[in-house]
Amino acid sequence: MIKYVREKAWREDPAEFLKSIGFRGPARYYVRQRMMATMMKIAKEDERICFIGADMNPKGFTSQGIPEARVINVGIAEANATVVASGFAKEGFTPIWMSMSWLFGRAYNQIFQSIGIDNHNVKFIGYARGWAGGGASHHEINDIGFMRGIPQILCMAPADAVELEKTLIAGLKYKGATFIRVHSQPVTNLFEEDYPFKIGKAITVREGDDVSIISFGIQLWRSLTASDMLAKEGINARVINMSTLKPLDDEMIAKAAKETGAIVTAEDHTLLTGVGESIARVVVKTNPVPMELVGIRDLYSQSIPEKGDNWPILEKAYHLTADDIATAAKKAIQRKKR
Amino acid sequence: MISDKIIKNLEEKAKQTRKDIMVQLLGAGGGHSGPSLSMVELCVALYFHHAKLDPKNPEWDDRDRIILGKAHACETIYSCLARLGYFSPDLLPTYKHFGSMLQGHADAWSTVGLEYSGGSLGQGLSFALGLALAARAKATYDVARQEGTPTYRVYCITGDGECHEGEIWEAAMAAAHYKCSNLINIVDYNQFSVGISIDKGMELEPFVEKWRAFGWWTTEIDGHNFRQILEALQLADNISGKPKCIIARTVKGKGIPLYEKSHAHMIPLTEKDYERLIDTIY
């Protein structure tokens, strides 16, 4: 039984889907476009929203009517950007600091001290270009880990443009440091427009009792594809979208462990300091059951060509495919039977 | 005109501040004697004379903001805040005690009157820049502020060693780019970082020229001479279109002869040490 997501969403071709909703342009720009549109709408209504950027062109915002004094580019200086944002937050603003997710790592101590200690209301939008031509230096593989490690910061990773819009709206209203990790890999709109997103609430998008696949971001897409593969083999996988990465929905995790007896976690992130290990902590504490963690294993990535849809090359190289998730599910179930 | 009376009053406050520093160091069993003592006159001039503050209203929106970038020298600021009435001087001996309002590094969450929670260096100036830029951003929705002239000044006190941090220069570059005239950085140039002198550790000279090259109005003064400090602060107020830097040449440990000689960054302090040193304050 499918809930909250469109019945055929993950089986559709993203390019076809986007054409069908009238989007023109490369598929991977759709998410960014919807993100910018949402932010602009909110910023025009809320005079406390401001934009801080490191090597960002203010014209992108001022041309849409945001006052110049509320759009600050500091040049290629991420540490300064982070703490300038903190200063704005202290003065009652809601600064949006948008960058490639891995770049926040340059300001780790700044986030820890200048944002985290006083829980300043800075919104980190970690826009991931999603493993592309940049190579090892440009791939976000441990950003969630270092962000979750900052006490008090709220961390979320929406799965598609619909969830992103809702995450942004809720995240901008929320009072406190916030990290939203946005992937840009082309997907259809998985979620229905009226899906009741709530910060901190994981949701079951596909019912099942044989195993639970807990996922977020782009991996939700792959988890749903994996559940199709498993269904062909008579295995009913429960698919859970856990888009709030901190705080985790402990109740949902415990329930999934109890009711399905096997858990698979799937993340496009390193396993070390990843969300899977935290989910394991909850499982071990509440209802210990066999678990498999799908994620990147302690290594660096490399480039793929920019043209065409080359992400599958990296997906395969780093064992993040739907196939990997389905295989992991079967492994976990096997251990259940012993 | 700055009268002799004003100067004398500030000098007395400076002596009181040095006594308060010793009381805190005794209460905690030790602390950052050198860096706290070197910036006494700078802080007293700001807190008791030049800055627009209201101890009864720490959140007053038009207050001048003072950021301690070198947050380890918080003993000095705690004394100023206490003597101004932000909290009782009775709290001073509880410095660094678990649960005390007075943390080991200046922390906004803990101490009323503080704006920033620091400790890791190089960030205070960026924060001060954010506060300063926010003043003009407020004018975009607050009709009362739409003159274009920010209603408050932001002072940042940085250490000389702290200016080794790259982020200081990121902030310096941006402040000049944005012609941030309500931002005043005061460098406590006491010539030492933790274990070594600045010239032997990592030379900052030509220091004035560096700030000027980054586009700041810059002046160099004797950081223990109240007249020079007040004149520099006044001069800075009259400069428009650029941020301001006051480089204050100071002595690490100033005011207690033993500490002046040793330039120690951090010292332990026992009852015996306290009894021995408290009356040597000048």
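This is a predicted model: local features need pLDDT of at least 70, side-chain atom pairs count only at pLDDT 80 or more; totals for chains, interfaces and linings use all residues.
Helices here are DSSP runs of at least four residues, numbered from the N terminus, and the expected span of a helix is 1.5 Å times one less than its number of residues. H4(A) has 13 residues and reaches 19 Å from its first C-alpha to its last, close to the 18 Å expected. This helix is mostly covered, with 13 of its 13 residues buried. Just after H4(A) comes A:Gly92, which takes a positive phi of about 95°.

Now try another helix in chain A. H2(A) runs over residues 30–45, so by the 1.5 Å rule you can check its span too. Its 16 residues reach 23 Å from first C-alpha to last, close to the 22 Å expected. Which residues of H2(A) are buried? They are A:Tyr30, A:Val31, A:Met35, A:Met39 and A:Ala43. Look at how they are spaced along the helix, and keep this in mind: an α-helix has 3.6 residues a turn, so residues three or four places apart point the same way. As for what they pack against, the buried residues of H2(A) meet helix H1 (14–20), strand E1 (49–53), strand E3 (94–100), H7 and E6 of chain A.

Step back and chain A comes in two pieces. Its domain assignment gives domain 1 (15–183) and domain 2 (203–337), and 26 Å separate their centres, taken over C-alpha atoms. Where the two domains touch, domain 1 of chain A puts in 24 residues and domain 2 of chain A puts in 25. On the domain 1 side, helix H6 (143–148), strand E5 (154–156), helix H7 (161–173) and strand E6 (178–183) each supply at least two residues. That side of domain 1 divides into 12 nonpolar residues, nine polar and three charged.

Is A:Ile141 buried or exposed? A:Ile141 counts as buried because 23 other C-beta atoms lie within 10 Å, and the cut-off for buried is 20 or more. Leaving out residues up to four places away in sequence, A:Ile141 touches A:His269, A:Thr270, A:Ile296 and A:Ser301. A:Leu271 is 130 residues from A:Ile141 in sequence, yet their C-alpha atoms are 9.2 Å apart in space.

Then there's the second chain. In the contact between the chains, 26 residues of chain B meet 26 residues of chain A. On the chain B side, the elements giving two or more residues are H5 and helix H6 (166–177), and the largest share, 11 residues, comes from H5(B). That side of chain B splits into 14 nonpolar, seven polar and five charged residues.

Finally, look at the inside. In soluble globular proteins, nonpolar side chains tend to be buried together. The largest nonpolar core here has 180 residues, and those with the most contacts inside it include A:Val84, A:Ile213, B:Ala128 and B:Leu129. Helix H5 of chain B, residues 124–138, gives this core its largest share, 10 residues. Take A:Ile213 as an example: beyond its close sequence neighbours, up to four places away, it touches residues including A:Val264, A:Ile325 and A:Ala329.

How confident is the predictor? The complex gets an ipTM of 0.95 and a pTM of 0.96. For chain B the mean pLDDT is 96, and 99% of its residues reach 70 or more.

Note on methods
Residues are numbered from 1 along each chain as its sequence is written. Chains are lettered from A and ligands numbered from 1 in the order in which they are written. Domain bounds come from an automatic or database domain assignment. Two residues are in contact if their C-beta atoms, placed from the backbone, lie within 7 Å. Ala, Val, Leu, Ile, Met, Phe, Trp, Tyr, Cys and Pro count as nonpolar, Asp, Glu, Lys and Arg as charged, and the others, Gly among them, as polar. A nonpolar core is a set of buried Ala, Val, Leu, Ile, Met, Phe, Trp, Tyr and Cys residues joined through C-beta atoms within 7 Å. A residue is buried if 20 or more other C-beta atoms lie within 10 Å of its own, exposed if 12 or fewer, and partly exposed in between; C-beta atoms are placed from the backbone. pLDDT is the predictor's confidence in each residue, from 0 to 100.
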